[in-house]
Amino acid sequence: MSLTLIDPATGEATRQVETDTPTAISAKLDAARAAQREWRKLPVERRLAAVREALSYFRTEREVIAREITQQMGKPIAQARGEVAGMLARMEPMLDLAPRALAATRPPEKDGFERRVEHEPLGVVLDIAAWNYPLLVPSNVVFPALVAGNAVVLKHSPKTPLTGARFEAALRSLPIPGVFAHVVVPDAEASALVSDPRIDHVSFTGSVRTGRSVYRAAAERLVDVGLELGGKDAAYVAEDADLDFAAENVVDGACYNAGQSCCSVERIYVHRSVRDAFLERVRKVLVAYVIGDPMDDKTTLGPLVDQRALDAVQKQVDEARAIGARIEVGGKRRGTRGFFFEPTLIVDAPAGCLAMREETFGPVVAVQVVDGDEEAIAAMNDSRYGLTASVWTKNAARAERFAREVEAGTVFQNRCDYLDPLLPWTGWKESGIGSTLSEYGYLALTRRKSIHLRR
């Protein structure tokens, strides 16, 4: 079998990628399990050095990798280059953190006893990665899992297998062969991997629906999972916000990567007193986007990933219009070639419409008016998702209140759509389970062993 890769900018097939046979997959799993037994014996400093050396591959091949990302999933080449640079910058502090995060922890001393808690590797980690950030998403798991002493099997999205192959090429330099493997299979066949007894942990990034299936399959074997699922991230623009700064950043948070980010801003609540001034600024930012060939350095908004994504965004916009919202900018497909959707502003979107309740994953800014902080917090929390949220204000006390009361894994003040490697990336509600990044990411990729020795 083979996967057909489609260029989102043209809608045309570009190449075929052969899938792994069941025999090949089984051999990779066997090799990973055997390699992990030896890999875990290496001191963390040696594992860390080997992973750092592997990362140099991404520096050397950064331009080729960026172009492959754009060709596979459509993000503008400048953003693809930013993804490579961002991955390298994110991993530097993450790897620096490893010796402390993985070191044994000790309770207060007790005469006659040695007591400590070791952070032991889980075994073979299966990472099922998403296409929207094909380099960044798997890096959050692959490199920390290896440093922690695990073997890793990466099952990348069928839309972006070339990026998975880049991980394979980079990690071929590890001193123990087989400790990392990339498998190429259709999504429908991933369930067999989750159910395989040679897999000890599953990390999945994708939809809530598929995440539930992964969780159920893993639960049958009592295997732990990490799930990073959907988002419907909210922003509140308060009456004291710097409106120019807020409009520029919130729109970027909604439209960067054509809105195809788990933590993109999808709901905006604006204080009534600044509504008109804020919307005026939002319109100016939206109409300035340059839509076109994502391989052109001047392009700032690329296509959606496929026809299905395009149809889903159009459905949300059309439904919002039909039940009373105003589409003030954009609102439709651009051209007939490829999967481009115009940057779109929906004003006065009813609370119950799809654009305010279900993940959009497109360059859409949906705005509602509120009369104050209390109403904003209630509206932001009125969602089954809880990945990130942001408040745009100069008032520190207001920001602290939102940090306490908003139900999300990350709450920002005057920032959005950003991952800090020293803070855990985690979702509340249906946005996920577990954490990546920071010391908590290492804890999620290890298990505790209590050592209790009488001397």
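The model is predicted, so keep the thresholds in mind: local features need pLDDT of at least 70, side-chain atom pairs count only at pLDDT 80 or more, and totals for chains, interfaces and linings use all residues. Numbering runs from 1 along each chain as its sequence is written, and side-chain values use heavy atoms, with hydrogens and water left out.

**View A. The largest pocket, at about 1500 Å³.** A pocket here is an open set of points on a 1 Å grid over the protein atoms alone, where a 1.4 Å probe fits, with protein on both sides within 12 Å along at least five of seven lines; lining residues have an atom within 4 Å of a point. Grid points are joined across faces, edges and corners, and the volume is the space filled by probe spheres set on the points. There are 41 lining residues, and Trp-131, Gly-206, Ser-207, Thr-210 and Arg-308 are the closest to the centre. Helix 7 (190-194), strand 7 (201-205), helix 8 (208-220) and helix 11 (307-322) each give two or more residues to this lining. Helices (H or I, at least four residues) and strands (E, at least two) are DSSP runs, numbered from the N terminus. By class, you get 19 nonpolar, 11 polar and 11 charged residues (nonpolar is Ala, Val, Leu, Ile, Met, Phe, Trp, Tyr, Cys and Pro; charged is Asp, Glu, Lys and Arg; the others, Gly among them, are polar).

**View B. The second largest pocket, with about 620 Å³ of space.** Its lining takes in 28 residues, with Arg-90, Leu-136, Asp-417, Tyr-418 and Leu-419 nearest the centre. Helix 4 (77-102) hands over the largest share, seven residues, while helix 5 (136-147) and helix 9 (243-255) each supply at least two. The class tally is 14 nonpolar, eight polar and six charged.

**View C. Strand 5 (residues 151-155), covered on both faces.** Five of its five residues are buried (under 20% relative accessible area, 1.4 Å probe, protein chains only). Ala-151, Val-153 and Lys-155 sit on one side, Val-152 and Leu-154 on the other.

**View D. The parallel partners of strand 5.** Strand 4 (residues 124-128) pairs with strand 5 over five bridges, and Ile-128 stands opposite Lys-155. Strand 6 (residues 180-183) pairs with strand 5 over four bridges, with Val-152 opposite Phe-180. Pairing takes at least two DSSP bridges between two strands.

Conventions
Buried < 20%, exposed > 50% of the residue type's maximum accessible area, 1.4 Å probe, protein only.
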